[in-house]
Amino acid sequence: MEIIREWIIAIVSVIIFVTFVEILIPNSNNKRYINVVVGLLIMVVILSPLLHFVRGDVNFNEKILQASSQIDYNTTKNRLDSYSDMHNQTIVTLYKSQLTEQMKYRIENLSNLEVVDIVLEIEEEEIEYLGFIYNAEIVLRNMNTDTEINKDIEPVQIDVSLNKNINNEEVESIWINNEKETIKSHFKTYFNLPKDNVNIHILKDK
Amino acid sequence: MEIFQIVAIGLIATFLSVLIRNEKPEIGIYIGLVTGVIIFIFIVTKLQAVITILNQLANTINIDDIYLSTILKIVGIAYIAEFGAQVCRDAGEGVIASKIEFAGKILIMVMAVPILVSLMDLIINIVP
């Protein structure tokens, strides 16, 4: 009899409490969601004494705390993962930009070519090989001052063959090809980048 | 009575806002924002007192404290989200206001999950 009395008191008190809370709820879209939660609470209050009849004493606090700590754990884990991803992304971006700057500086010191663009393909996922350079696409163009000087220079024919008949070909791209080779070997030494993985494109002046 | 003070603050702010609106509409927005904050601070102490009494009432009922404290937390979240959304809406930022309301909804649902889990557990245990 005592249990039924307590049960009725609990239900009535909760309904009074909920009525009071409903006055406090602001008139917004959230009202519907709060009503759902309040409905769940009333169901818990009505049903919990039945469980005491069926199963004896069951501690619900522990389960609620377990559920809320699981939510907190998952939230923190997701945040940490997202921070870690952002951190890695920032490191890769910074590394790429520093590497590009360094390559640009080296190319411009090594040759009379101006760097238009450098596209690098590097390892971004695996931690063990993070930052390893796979491929480099380099776009260059002749510096303006040099082209002006070159206009005045006559093409030179060099006699390097014994046979006079095939010795009259003009070769214009020897200088550029040498530059490419020099840059490639330099990159192989400094960045451990195989020559085949460096593609150099030189834009022609208009 | 506090209601006179609150209404007086509201009326003065409205009067100033209407006066300034044609000259400098952005100051009208600031007046609205500041008035909202003042009224909210004014009333939040009273609300705090009511919530304390509700908490005491909840402690006398033979129900786990965690349920009622969750409900009170949800009411708090709803109030703060509503206040933030209204301030943004007054400033003409309806998109930000709806985002605040969305965040409020999600947080309310997160708070409700333990109660839902508990109810499910209860039902599963009752059914033989």
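Predicted model: local features only at pLDDT ≥ 70, side-chain atom pairs only at ≥ 80, totals over all residues.

Student: What makes up residues 6-22 of chain B, helix or strand?

Tutor: Helix: that span is 94% helix and 0% strand, and its end C-alpha atoms lie 25 Å apart. Residues 66-85 of chain B are 100% helix and 0% strand, with end C-alpha atoms 28 Å apart.

Student: Which residues of chain A does UniProt list for "transmembrane region"?

Tutor: Residues 7-27 and 33-54 of chain A, again from an unreviewed entry. In the model, residues 7-27 of chain A are 86% helix and 0% strand, and the end C-alpha atoms are 32 Å apart. For residues 33-54 of chain A, the numbers are 100% helix, 0% strand and 31 Å between the end C-alpha atoms.

Student: Back to chain B: how many helices and strands are there?

Tutor: Chain B has four helices and zero strands. Reading along its sequence gives the pattern α-α-α-α.

Student: What share of chain B counts as buried?

Tutor: 20% of its 128 residues. To get that label, a residue needs 20 or more other C-beta atoms within 10 Å of its own.

Student: How many residues of chain B are in contact with chain A?

Tutor: 35 residues of chain B, facing 37 residues of chain A. The test for contact is C-beta atoms within 7 Å.

Student: Which elements of chain B give two or more residues to that side?

Tutor: They are helix H2 (25-60), helix H3 (65-90) and helix H4 (94-126) of chain B. H4(B) gives the largest share, 18 residues.

Student: What classes of residue make up the side of chain B that touches chain A?

Tutor: 26 nonpolar, four polar and five charged residues.

Student: Where does Asn192(A) sit?

Tutor: In the loop between helix H5 (174-191) and strand S3 (198-203) of chain A.

Student: What is the phi of Asn192(A)?

Tutor: It's positive, about 55°, although Asn192(A) is not a glycine.

Technical notes. Residues numbered from 1 in each chain as written. Chains lettered and ligands numbered in written order. Contact = placed C-beta atoms within 7 Å. Nonpolar A, V, L, I, M, F, W, Y, C, P; charged D, E, K, R; others polar. UniProt positions renumbered as here; feature names shortened; annotations may be inferred. Buried ≥ 20, exposed ≤ 12 C-beta atoms within 10 Å, placed from the backbone.
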